[in-house]
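I opened my notebook to look up a few salt bridges and a few well-covered elements. Here is what I looked at.

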Amino acid sequence: MKPEGPLFRPVKLTQFPSAVKEFLASTDVPTAAPEDASPESSEGTTPGTTRGPAAGTVGVPVPVDGRTDLTQSLDLAEQLYDTLHRPRPLDLGIVLGADRLPDGLAELAGPLATEWLPEERLADTAAFLRDRPGSLLLIGCYEQLTLDPVRSLLFATYRSRTHALTLLSGRDAASLAWNVAKQYARPTAAIGAVGLFTDTDRPPHLPGVQVHDDRDFERVDIQTAILGTHWRKVAFQGHGKDDSVNLGEFTICGLSPAAEPRPGLLGPRCSYGLPCYKPEDKLVPLHRVPAVEVVLSACNSGPLADLALYDPKYQLLLNALDGPARTVVAAVSVHDSDRPENVAWMRAALTGGDTVDTLNASLAGSHPYPAFLRFGLPDATAPAPEPADHRPDPLLLTVGRRLNALLGSELLPHNHALRPRLTKLARKVDLWVARPTHLADQSAAEIGASLTADLQSLDHVLAGQVAADPEDELMNYPAHFGDRSSLDPEVREVTCHCGRPAQEFTRRGLLPQILDTVCAVCMRCGDVTFRLPEAPSLLAHSADEVPQGGVLEVRAELTAARTGPVRLGLFVPSYLRADATVEPEHAKVRAVGGRPTDVAFRVRFDPATAPQAYYFTVFAVQDLAVSTARRHFGVLPG
C-alpha cells in the first residue's frame, strides 16, 4: 500500500495515540496469521482483521518530539522504502515494561504478533516455552533488555526448531516506536546492493556483493562508499567495542547526536573531552547508514543493558536502531566470526536467508551459545540452515597427524627425498583444517578432491621408493615410534597367515609427533605385521617351500581401512635379491573399505639360489601409511 503522503509521519507524543488508530484503520488488512493459530486466546489478545484496505492510507506515525536525529532518519527511510504492509506476524508477543510506554505504542505493535501474553509469563522461561511453542517477539526499551529474562530466552531458543526469538527495542520510547513503525515498510525493489566491509578478513568477492577489506581502506573513501550507497544489506566486521567497529582508519561510530550522557557511566575517550582514537573525519555515523539491514559483526556490538560497557549514548546497537534500518543484527557477546561466517552471510544475503540464523548456525561448530540477536521481524525466504560442523573430513585429520609425525619425529633425515613434498602437503592441510578457510574458500568436495590427488601422487612415489630401497628410513617407523611409546594393555587374539594363533597389540605414542603402531606377533613367525591405526591391514599367503629355480605364488590379502586406491609391492631381503625376481614390481588396486581383496605376486628363483629359510615382505601404501606383512618360506634343492 502506498500512502497518500510520506510513509512515515512525524507526530508529537500527544498526537501519537490518535495517529496510531488512524494508521491502523487505514491499513485494515488480513494479518497473515499462521494457519493453525487460534483466533482467540484466554490470556492474550489476537489483533488483526479480515477486512480489505480502507481508502486513504496514511503514513506510520512516529513521535519525534525534540529528536532531530529521528526526523532525519524518517527522511532517509523514504529513500529506502516505498510501500507499507502489515508484515506476517510472529506467533507470540510480549511487551517488557508496558506500563512505562506511551499510549499507542502497544497498539501500533499489535499486528506484529498473533497473540500477546503478559510479561509475567517469562518468570518461568522453561515452562513458558514448553506451554507456548512458536516464534516469539519481545518488545521493550533498551533498559528492559537485561540478563533476566533475555538470557534464558536466548539459550532456550538457540538452535530451536520450534522457537525463534526476535526483538524490537530502542534507547527510549520514541526510538522503540520508530523501530516498530519500520516493520510496516517494504523496501524499494530497486534497492539491491549487498556490501561487506571487513578489517579482519580478505574473503572471496562473490558476484553481487561489494566486498571491501583492509587493502581497500587505504585507497578508497570508505566513508563515502558506505554513506553514498542505498544498501539492501550491509555488514561491518572488525575489532571494536560496543561503541565502534574498526575498518582501518575508518570507524563505524555509535555516538548519538541526540542522547544525553548519564553521569556515573563509563564512556569512550570522547565522552571525557579527549579526541577520538581514530581520525574524526573518517568516522561513519551508524544512524546515517542508508540500509534496510545492518549487520554489526563485531564482539559486544549489541550487549544487553546490564552487560554494556559504555553509556547508551555511545552504543552501536542503539545508534543503528535510531537509523533507517528495519533490521539490525548485532552480537550480544564475543564470537569467532571470520571467513566461514562472511561467506555464509554473503550467500544468504543473495538467496534470501536470514542473517541471524545463518551466522549462529555457522558459529555453532565453534561455541555453544548464541552470538547474534535480531532486532526487526524476520523476512527470510530460505529455510533456516542446519548448525554448521566445522570439523574437517576425518581423512584430512588422519593425514595431518601422519604428516606431523613424518616431518617432526626425526624419523626422516633432513635430506630425505620426500621431505619437500611432504612439507608442501602439510602446509595445505594446515590451511584446510583452519576454521577461517575450511568450507569457505573451498567446498568440502574441492578440498577432498585436492587432498585425494596429492595423496595418490605421494603414495605412488612412496611405493616406488620402498620397492627400490626397502631399507629406506621410512620403513623403520615401527621401531622408531615403538621406542617412544607405551604398551596398550588391550591384546587381541588373531590368526597368523601361517594358521597359528597370534596376538595383536598397540603401542601408544608418548608424544604428539609419535604415532601409534599396531603389531601382530606369532610364536613361530615372529612379528608378522606392522601398520598404523586406520591403515590397511595385510596378510601374506604362500606355500612354505619352493624348489631352486621355481616360482613362489604369493597371495596378499588386503583389507583397506577406507575405500580408495592402494599401492602394493613385495620385496625380499637384500641378500636374496640377486637370485629372485618379483612380478609385478608394483600393483594398484581400488579397495573397498573393510572388504578383503586378494592381490597376486610371483617370486621367481634362480636355479643357483642357495637352499635355506628365507622371508619376503608384502607392503601396502595408502594415505602416507605403509603396512607390512612378513612371511617365512624355504628354498629346497632342485
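Entry 1, arginine 9. Arginine 9 is partly exposed, because its relative accessible area is 27%. I use buried for under 20% relative accessible area, exposed for over 50%, and partly exposed in between (1.4 Å probe, protein chains only). This is a predicted model, where local features need pLDDT of at least 70, side-chain atom pairs count only at pLDDT 80 or more, and totals for chains, interfaces and linings use all residues. Residues are numbered from 1 along each chain as its sequence is written, and side-chain values use heavy atoms, with hydrogens and water left out.

Which residue forms a salt bridge with arginine 9? I found glutamate 22, with the closest N and O atoms 3.4 Å apart. A salt bridge here is a side-chain nitrogen of Lys or Arg within 4 Å of a carboxyl oxygen of Asp or Glu. Glutamate 22 sits in helix α1 (residues 16–26) and arginine 9 in strand β1 (residues 8–11), 13 residues apart. Helices (H or I, at least four residues) and strands (E, at least two) are DSSP runs, numbered from the N terminus. Glutamate 22 is partly exposed too, at 40%.

In one of them, aspartate 322 pairs with arginine 67, the closest N and O atoms being 3.4 Å apart. Aspartate 322 is in helix α9 and arginine 67 in the loop between β2 and α2, so the pair ties together parts 255 residues apart in sequence. Is aspartate 322 buried or exposed? It counts as buried, because its relative accessibility is 0%. Arginine 67 is buried as well, at 8%. Both belong to a network of salt bridges that also links Asp69, Arg171 and Asp172.

Aspartate 354 lies in the loop between α10 and α11, and arginine 374 in strand β18, so the pair ties together parts 20 residues apart in sequence. Aspartate 354 is buried at 10%, and arginine 374 is buried at 5%.

I moved on to residues 355–363, where eight of the nine are buried. Their cover includes β11, β16, β17, α10 and β18.

All six residues of β6 (134–139) are buried, so the strand is largely enclosed by the rest of the structure.

Conventions
Contact means heavy atoms within 4.5 Å.
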